[in-house]
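Thanks, everyone, for making the time this morning.

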Amino acid sequence: MLPKINPRSTTAWQKLQKRSETLRNKKLKSWFSEDPNRGSEMSLQLEELYLDYSKNRLDRETMELLADLARECRLEAARDALFSGEPINETEGRAVMHPALRAPRNASMMVDGENVVPEVYRVLDKMERFCEAIHSGHKVGYTGKKITDVVNIGIGGSDLGAVMVTEALRAYWMEGIKPHFVSNIDGNHLFQVTRDLDPERTLFIISSKTFTTLETMTNAHSARTWFLDHAGDLSHVKDHFVAVSTNTKGVVEFGIDPQNMFEFWDWVGGRYSLSSAIGLSIALTVGFSSFRELLDGMHAMDRHFQSAPLLENMPVILGMVGVWNINFLHMDTLAVLPYNQYLHRLPAFLQQLDMESNGKSVDRNGHPVDYHTGPIVWGEAGTNGQHAFYQLIHQGTSEIPCDFIGVVDPSHPLPGHHPWLLANLIAQSRALMLGRSREEMEQSGEQVSPQVLPHKVFPGNRPSNTILMKALTPRSLGQLIALYEHKVFVQGILWNIFSFDQFGVELGKKLAVQIHPFLDKKQTDGSLDTSTNALLATIYDWQ
């Protein structure tokens, strides 16, 4: 079981509170001028992943105090509980064992007294055989044509991770295979995806653990109807539909061959599931060997997180810096800014990972928390964001910590682009740190009218991390994903909240089930509030 320690009751928290008051007016650029080694000493490298956290408003003493907070909150014991398969998802009575999904074949990782790694590899081996059959043309559609399009139908954790990874690894796409993703119950999504597809060459992956998820199954049945409008015979469904699920009965009733059902387990949370069979669309798109490299990269970060000392541990450092910014500098948002177009879906993936995990207001003792927990996560690919919202980041009234993510070696051959991309990446974090004062502008000789001068002042002193990847490879991407997975875990422990349930998504779904019959009947019964009644009346009128 996880420790249940209110962080505000710890000695370290009180010291950090005082430390934040001492450092409140300290300028980042003065720290850099006082310490010529700050940039190199407040950075960390794991293989070809490099983290620079020196542009945060803290010093070594602060980092030591944050490590003390982690110890008082028993982070190391919680980490051990995670990797030993204890049921740390206590509200749902489950282990949290996604590290087992990328462990070596000879590893032993126990859940309920059983080594789950052999089962993981049974499914991975089945996935590999299936991918090989599709890529080689051994498995074809019902008319004998080779599969060329793969449509993953899922939502949330059954969609976001796979979308993000396939986009990120575009340089590794298999020739002759194109991925598509459908998640929204809005019919526009499925209609737009299927309108130009050839049913004889399309494979659908229905990704739903229970095979009952409303959005997924609505889309799945519509996809089957679209397919049967062309194929006619229900028996052909087995050649074009597979399932990632545990509901064998539901899968068979849908018309899918149970041999084409790929399992995952209760100890795999949805937002941590891309390294499970949910990653089938990834493996089909980039090839199973690249998918295996992705898993190996995640495992490398797992091992680092499990064994590295707190102040030499990349996920721990990233997590502690976030706690400092949120709880002691009172910044409750985080901008994720990947300077690589292939990573454009990373902010959306991290939104779910972070906000669904740590968007909690009740602690592990069942008490309301009286401190901030998970940040609001958002972002956009650079340099696009610079021409959209960076104005607010630089000169707005909200101080917004940023995670800049860059790739050193480009995956394209075009000359002249990449140096400018990297120059912007580095310049933005430097500009946020340095700012620009009125005096600096006057001394520079820049001709600015007195009326305009105040508007061109940049306050600076705004925190950021920079993460560099040597290249955007499956292995380095796996490390980046696992880095953020474990960072979220670290922060959940320090905030004394459960990071692996998501009860907040349930109420709206239940109310939708109540409202749906009113839309069918085009009437209400007086049981709803006046706002809802007015909305429904407008819908009825316009329909």
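The lining of the second largest pocket divides into three nonpolar residues, eight polar ones and no charged ones. This is a predicted model, and in it that pocket has a volume of about 240 Å³. Its lining includes Asn340, Gln341 and Tyr342, then Gly382, Thr383 and Asn384, and also His412 and His418.

The largest pocket, for its part, has a volume of about 1100 Å³, and it is lined by 39 residues, of which Ile155, Thr213, Gln502, Val505 and Lys509 lie nearest its centre. In that lining we find 14 nonpolar, 15 polar and 10 charged residues. Which helix supplies the largest share of the lining of the largest pocket? That is helix 19, with four residues, while helix 9 (214–231), helix 14 (346–358) and helix 19 (506–521) each contribute at least two.

Six strands form an open sheet with mixed pairing, in the order 1-2-13-12-10-11. Strand 1 (43–46) and strand 11 (376–379) stand at the edges, and each has a single partner strand, so one side of each is left without a neighbour in the sheet. From one strand to the next, the twist averages 15°. At one end of that order, strand 1 pairs with strand 2 (residues 49–52) in the antiparallel sense over four bridges, and Leu46 stands opposite Leu49 in strand 2. Helix 14, which also lines the largest pocket, packs on this sheet, where it touches strand 10 (333–339), strand 11 and strand 12 (402–409), and its direction makes about 175° with that of strand 11.

There is also an open sheet of five strands, in the order 6-5-7-8-9, and here the pairing is parallel. Why is one side of strand 6 and of strand 9 left without a neighbour in the sheet? Strand 6 (178–182) and strand 9 (261–262) stand at the edges, each with a single partner strand, so one side of each has no neighbour there. Further in, strand 5 (residues 149–153) and strand 7 (residues 202–207) pair in the parallel sense over five bridges, and Ile153 has Ile206 of strand 7 as its bridge partner. Packed on this sheet is helix 8 (residues 187–194), which touches strand 5, strand 6 and strand 7, and whose direction makes about 165° with that of strand 6.

How values were computed: Residues numbered from 1 in each chain as written. Predicted model: local features only at pLDDT ≥ 70, side-chain atom pairs only at ≥ 80, totals over all residues. Heavy atoms only, no water. Pairing = 2+ DSSP bridges. Contact = heavy atoms within 4.5 Å. Axes fitted to C-alpha atoms, helices over the stretch in contact; angles between N-to-C directions. 1 Å grid on protein atoms, 1.4 Å probe; cavity = no way out; pocket = protein on both sides within 12 Å on 5 of 7 lines; lining within 4 Å. Points joined across faces, edges and corners; volume = space filled by probe spheres on them. Nonpolar A, V, L, I, M, F, W, Y, C, P; charged D, E, K, R; others polar.
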